[in-house]
Amino acid sequence: MSLRIGRRRSPASLAIGVAAWSLLAAPGLTGSAAFAVTQCGMSPAREAFDVQGLKSELMVTALSCGEQDRYNAFVAKFKPGLNDEEAALKRYFATSYGRSAQREHDDYITQLANVQSERGLAAGTSFCQQRVSMFDEVLALDTPADLGGYAEGKDIVQPATYETCAAPEPVSHPGRVRHIRSSRSRHKA
């Protein structure tokens, strides 16, 4: 089962879709752990999605639990790596969606935050107890390169499944070939 990220959905249908996908994909697996059932290992695009999911999860946690200073410390510590992952994500969307890449990327970011916020609301008061410790874990990482592996191991919810073994190759549309007949072929004697 594969859903396109850019498909517009209401928050309720997103939550239902994510829940249904999680149940169908592999019992007991959610978020990036569920993607381990795919046969391709870690690709740059998959790592970019995992890190973006982590960044969004930490942002939602910071806003919901009053941890903005810790979120800012996370961004400051890992800024070069976060920028690299964002560039990889943009390349994925550009390659996958062409002219609508920015719109699809924006939709993904919005849907990601919505799904993660809904999860926080559903967890109620236990959300902060469960998630604030992620700041300690992340800030203990040594380098931005460690973020991908850390994010892959967490139960971070994504708004849809994505195929990230490799983004599709850009479609090459060869220029229109104009055939010009020579004046000799048109005026046969």
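A: Burial terms come first. Buried means under 20% relative accessible area, exposed means over 50%, and partly exposed is in between, using a 1.4 Å probe and protein chains only.

Q: OK. Where does Pro-144 sit, and is it buried or partly exposed?

A: Pro-144 lies in the loop between helix 7 and helix 8. Its relative accessible area is 28%, so Pro-144 is partly exposed.

Q: What kind of model is this, and what are the ground rules?

A: It is a predicted model: local features need pLDDT of at least 70, side-chain atom pairs count only at pLDDT 80 or more, and totals for chains, interfaces and linings use all residues. Residues are numbered from 1 along each chain as its sequence is written, and side-chain values use heavy atoms, with hydrogens and water left out.

Q: How many helices and strands does the protein chain have?

A: There are 9 helices and 0 strands. Helices (H or I, at least four residues) and strands (E, at least two) are DSSP runs, numbered from the N terminus.

Q: And how much of the chain is buried?

A: Of its 189 residues, 41% are buried.

Q: Back to Pro-144. Which residues is it in contact with?

A: Phe-78 and Gly-81, leaving aside neighbours within four places in sequence. Contact means heavy atoms within 4.5 Å.

Q: What share of the chain's contacts comes from residues 24 or more positions apart?

A: They account for 79% of the contacts with a separation of 6 or more.

Q: Now the largest nonpolar core. Which members touch the most others?

A: Leu-54, Leu-58, Phe-74, Phe-78, Val-138 and Leu-147, out of 16 residues. Helix 3 (44-65), helix 4 (68-97), helix 7 (133-139) and helix 8 (146-152) each give two or more residues to this core. A second, separate core has 11 residues, including Ala-48, Ala-88, Ala-101 and Tyr-108.

Q: What counts as a nonpolar core?

A: A set of buried Ala, Val, Leu, Ile, Met, Phe, Trp, Tyr and Cys residues joined through side-chain atoms within 4.5 Å. In soluble globular proteins, nonpolar side chains tend to be buried together.

Q: Take Val-138. What does it touch?

A: Leu-54, Leu-58, Phe-74, Phe-78, Leu-147 and Tyr-150, not counting residues up to four places away in sequence. Val-138 is in helix 7. Its relative accessible area is 0%, so Val-138 is buried.

Q: And Leu-147?

A: Beyond four places in sequence, Leu-147 is in contact with Val-51, Leu-54, Phe-74, Phe-78, Leu-82, Val-138 and Leu-141.

Q: Helix 3 next. How many of its residues are buried?

A: 16 of 22, so helix 3 is largely enclosed by the rest of the structure. Its end C-alpha atoms are 31 Å apart, in agreement with the 32 Å it should span at 1.5 Å a residue. The expected span of a helix is 1.5 Å times one less than its number of residues. Just after helix 3, Gly-66 has a positive phi of about 65°.

Q: What does Ser-56 touch?

A: Leu-112, Ala-113 and Gln-116, with residues up to four places away in sequence not counted. Ser-56 is in helix 3, and it is buried at 6% relative accessible area.

Q: So, helix 5. What's its reach?

A: Helix 5 (residues 101-123) has 23 residues and reaches 33 Å from its first C-alpha to its last, close to the 33 Å expected. Among its buried residues are Glu-104, His-105, Asp-107 and Gln-111. Gly-124 follows helix 5, with a positive phi near 65°.

Q: How many cavities of 30 Å³ or more turn up?

A: A search of the whole structure finds 1. The largest cavity has a volume of about 40 Å³. On a 1 Å grid over the protein atoms alone, a cavity is a set of points where a 1.4 Å probe fits but cannot get out, and lining residues have an atom within 4 Å of a point. Grid points are joined across faces, edges and corners, and a volume is the space filled by probe spheres set on the points.

Q: What lines the largest cavity?

A: Ala-48, Val-51, Gln-52, Lys-55, Leu-82, Glu-85, Glu-86 and Leu-89. Helix 3 and helix 4 each supply at least two residues of that lining.

Technical notes:
On a 1 Å grid over the protein atoms alone, a cavity is a set of points where a 1.4 Å probe fits but cannot get out, and a pocket is an open set with protein on both sides within 12 Å along at least five of seven lines; lining residues have an atom within 4 Å of a point.
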